[in-house]
Amino acid sequence: MKILTLNFLTCARKACKATNAAFPLHPRDAELEIVETDLNPLFIRNILPRIEWDALREICVELGLPTLPDAAPEPAALFAEPIVPADTMQDADEGAEKQPTQLLQDLHRLLLETTIATGKLVCGNCGHEYAVKEGIANFLLPSHLV
Amino acid sequence: MATDDDGRGEAYETEYVHTVYEQIASHFSSTRYKPWPIVERFLKSLRDGSIGVDVGCGNGKYLSVNPNVFIIGSANLARIAARHEPHSSVVADNLSLPHPLASFDFAISIAVIHHLSTPLRRIQAVRAILELLKTASGGTGSGSQPAETETGGRALIYVWALEQKDSRRGWDEGHEQDVMVPWVMKSNNKANHKNRQKNKAEHREHSDHLSASVSGMHTQDGPSKACSDSQHSVKEKQDTSCAAHDNDSQQATSDSQESKTFQRYYHLYRKGELEHDIAEAGGIVLDSGYEKDNWWAVATPVVGTSAPASTNLYRTS
Ligand SMILES: [Zn+2]
């Protein structure tokens, strides 16, 4: 279970899904594991605007990870060289791939390589706990909670 | 209204879909790795950085098509997709998906909702997918967003067709739409070895644990070893004496051979039915068609409204 994934999960119960309290789910008794994966700088750049930064920040605090800045970094901070105009986009992409900043690498580490191996995810609205085992979260509900 | 579905529903699907898939999961991993062209085209058409869900991702074969989008796969199998970077997967029920509403760019649901055994549950499944998609007005976006019109999220849904006259299964217009499809699993070491080799080539890192539990197995398009027919309608199954249709065991060992037959439930969609269900679920069909024994449709949620609270059941006869 990647930290990135937590940004797109909420409680599976119908009554919770639409509430703010159910997002993000809160990790509890989490055992973290670093699972290395290839760096794809453009993936990080493209995914960044889609992240609910406050939720990510909150989860990092709860997991005891280093505190993130208050606001999401600007795209320009991800690459050492500025991205050149659209007519040479291909070159820009290639250049960008060669020059990811430390910040981009840190985000890759946090979002894609830092995983919850075991633990629980707790809904802040109803309190239901979802188990994470072998890196896979289980959202199947007992029938009385559906 | 749901009472004329012969007691079908969740418990029925557990017996005739989930349990069977658990048993045959390794077979799927070794044979069903090639994406259908429509699915591949849909996934490759997505903008880089798109976020989506794969509802019923099974072994995750579609997760590897486009590495520039982020997909969260879900399946209600206890053992699901192994790692397909950069994507992720969770265990969840198709009707109770653990995702925020109106926040995804795309969704795919491939060969999944045809396993739901009542009209209402099939429509609910479509609604559960559509409600995850951003609406054209911008979904949950804040007021600070620029006025540029954002298109709504798109879902690709793919189901088995009733009209399959070119296949050996023999179904076509007019046939019973709710069918049990037998899969015969054989202990055949030679076949197993072959599957493993193929598996290694296509899915190098997943082959070992996925293919470990079951030895050789193959689908049975023609008559199965344990039964006289290759398909039986659900209504027929009560009458047959065939061991493979025994409700108590759903997996039967055929006499002398080391083989087991698994019965899986399918609802075969007839022409127009998928589009109908999408409309009932509060969706707009953007595109649809037929591809190799399957109906497919690309849909988006109706702008500015949520799905209707109640629904007219689709009548199959
Ligand atoms: Zn909840």
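1. The contact between the two chains takes 33 residues from chain B and 28 residues from chain A, where contact means heavy atoms within 4.5 Å. This is a predicted model, in which local features need pLDDT of at least 70, side-chain atom pairs count only at pLDDT 80 or more, and totals for chains, interfaces and linings use all residues. Residues are numbered from 1 along each chain as its sequence is written, chains are lettered from A and ligands numbered from 1 in the order in which they are written, and side-chain values use heavy atoms, with hydrogens and water left out.

2. About 2,400 Å² is buried between chain B and chain A, 61% of it on carbon and sulfur atoms; buried area is the accessible area (1.4 Å probe) that two parts lose on being put together, summed over both. On the side of chain B, the residues losing the most area to chain A are B:Phe70, B:Val91 and B:Pro98, which together make up 21% of what that side buries.

3. The rule finds three salt bridges between chain B and chain A, a salt bridge being a side-chain nitrogen of Lys or Arg within 4 Å of a carboxyl oxygen of Asp or Glu. A:Lys2 and B:Glu85 meet in a salt bridge through their side chains, at 3.2 Å from N to O.

4. Strand E2 (70–75) and strand E3 (88–91) of chain B are the elements that give two or more residues to the side of chain B that touches chain A. E3(B) gives the most to that side, with four residues. Helices (H or I, at least four residues) and strands (E, at least two) are DSSP runs, numbered from the N terminus.

5. Chain A has six helices and four strands, in the order α-α-β-α-α-α-α-β-β-β from the N terminus on. Among the contacts in chain A with a separation of 6 or more, 67% are between residues 24 or more positions apart.

6. The zinc ion has as protein donors the SG atoms of A:Cys11, A:Cys16, A:Cys123 and A:Cys126, 2.3 to 2.4 Å away; donors are N, O and S atoms within 2.8 Å of the metal (3.2 Å for Na, K and Ca). The donor residues are spaced C-x4-C-x106-C-x2-C in sequence. A:Cys11 counts as buried because its relative accessibility is 0%, and A:Cys16 is buried at 2%.

7. The zinc site is tetrahedral, with angles of 106 to 113° among its four donor atoms; four donors count as tetrahedral if all angles lie between 85 and 135 degrees.

Definitions and conventions:
Four donors count as tetrahedral if all angles lie between 85 and 135 degrees; four count as square planar and six as octahedral if opposite donors are over 155 degrees apart and all others between 65 and 115; anything else is irregular. Buried means under 20% relative accessible area, exposed over 50%, partly exposed in between (1.4 Å probe, protein chains only).
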